[in-house]
Amino acid sequence: MRISFHSYCAMGNLSLCSYIISFLMLHVSTLESVNFKVIGPDHPITVSAGEDALLPCHLSPSMNAQEMEVRWFQSKDSELVHLYQDGKDQTELQISKYRDRTELLKDGIVDGRVALHIRNITPSDQGQFICFFRSPSFFGEATLELKVTGLGSTPRISIDSYQSRGIHMVCESAGWYPKPQVQWRDLKGQHLPSLTEKIIQHDTGLFEAQISIIVTETSSQDLSCSVSNSHLNQGKESMVYIADSFFLGACPWNVAVYILLVALGLLIFTASFFFWKQHKAKGKLVADLGKCHNPLPVINLFLVPPGDGASLIHAPS
C-alpha cells in the first residue's frame, strides 16, 4: 500500500511529520546556499598603454559556470564593461567606451574559469575592475586592479637659442604614463637645476615632458637628460657634449673680435707682401741703372798719310 506524505501527516503522526519537514527544509536550504568564492589575482595587473590586458578570475570550488551570469564592472563608476548572460555575450548593454574592445574568454568556463580580454589599453582604463558571478541561488565577486604604464620616447636634446649667458638647451620626450620624472644631470650623475620645466597631459592620457637649461662655457659641457617612470622603475636617457666652438655663437662680441683679428691679420700680411714686392722691384731697378753708368771703352783712331799707304789704324786706349 502506498501512503502519501500528506496522508501520513493526516494520520496523527505530527511529531514525526514535523521532523521530516524540518529535515527536508534544512536539506533544501543547504543545497540552495552552497557558497563559493570568486578569486582574482592577488597583485595588480600592469599593462603598457596601447597593449592588450587580460583580467582572469575563477570560482572556488570549481564548478560549471556556463549557465551563470558573469558581469564585469569598472568599480570607480560601476559601469558595465562586459556581460555574459543566457550562455552568450550581451555586448549591446556595455558602455560605449568598451564596445568592440572586450571579449570574455570562456575556454575554462566549465570549471568556473574566465578572463576578460581588453584591447588597446589607455590610461583611462586604469583602476579597479569587479568580476561578478551569479546563479539562480547565489552570487559572488572579486576585485582586480589594473595599472597602466607608458614608457615614452628617447629624450631629444636640441639647441634652442644663443643667449648672453650661454646656450639655451631643450630636452623633450613624449608618451609617458603616469606623470614622469625628468631632470638634467652631469656625467657624474649629479642633478643640474633646470631653467624651465613643463609637463602636459594630452587627450590620450599620456604625458609629454619638456625641460630647458642654460649651459655656459665655464659650466659642465657634458650633460644628460633623463626621464623615468616611477611605476616601472625604468627610464630613458640621452647625452650630449657641447664643443667650445658652439660658445662663439653665445658671445657675439667674441665673434666680432675674432673676425676683426682675422681681417687685421690678412691686412697686415697683404701690406707686408706689397711692400716686400715694391722693395724688391726697386732694388732691381737700381741695379739695372748702375749697369748703365759704367764708362764706355775709348777707341783711338790714327790716320796714316797717303804717301805711306793710307790706312786706318785702331789703337786701344
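Trainee: How many disulfides are there by the distance rule?
Mentor: Keep in mind that this is a predicted model, where local features need pLDDT of at least 70, side-chain atom pairs count only at pLDDT 80 or more, and totals for chains, interfaces and linings use all residues. Residues are numbered from 1 along each chain as its sequence is written, and side-chain values use heavy atoms, with hydrogens and water left out. A disulfide is a pair of cysteine sulfur atoms within 2.5 Å. By this rule the count is two.

Trainee: Which handedness does the disulfide of Cys57 and Cys131 have?
Mentor: The sulfur atoms of Cys57 and Cys131 lie 2.0 Å apart. This pair links distant parts of the chain, 74 residues apart, with Cys57 in strand E3 (residues 53-60) and Cys131 in strand E9 (residues 127-134); strands (E, at least two residues) are DSSP runs, numbered from the N terminus. The torsion about the S-S bond is about 45°, so the disulfide is right-handed.

Trainee: Is Cys131 buried or exposed?
Mentor: Buried means under 20% relative accessible area, exposed over 50%, and partly exposed in between, with a 1.4 Å probe and protein chains only. Cys131 is at 0% relative accessibility, so Cys131 is buried.

Trainee: And which handedness does the link of Cys171 and Cys225 have?
Mentor: Here the sulfur atoms of Cys171 and Cys225 are 1.9 Å apart. Cys171 sits in strand E12 (residues 166-176) and Cys225 in strand E17 (residues 222-229), 54 residues apart. With -80° about the S-S bond, this link is left-handed.

Trainee: Which strands are the edges of the open sheet of four strands?
Mentor: The order in this sheet is E11-E12-E16-E15, with antiparallel pairing; two strands pair if DSSP finds at least two bridges between them. Seven bridges join E11 to E12, and one partner pair is Ser161 with His168 in E12. An edge strand pairs on one side only, and here these are strand E11 (156-163) and strand E15 (196-201).

Trainee: Is Val240 buried, partly exposed or exposed?
Mentor: Val240 belongs to strand E18 (residues 234-241). Contact means heavy atoms within 4.5 Å, and, not counting residues up to four places away in sequence, Val240 touches Ile157, Met169, Gln221, Asp222 and Leu223. Its relative accessible area is 24%, so Val240 is partly exposed.
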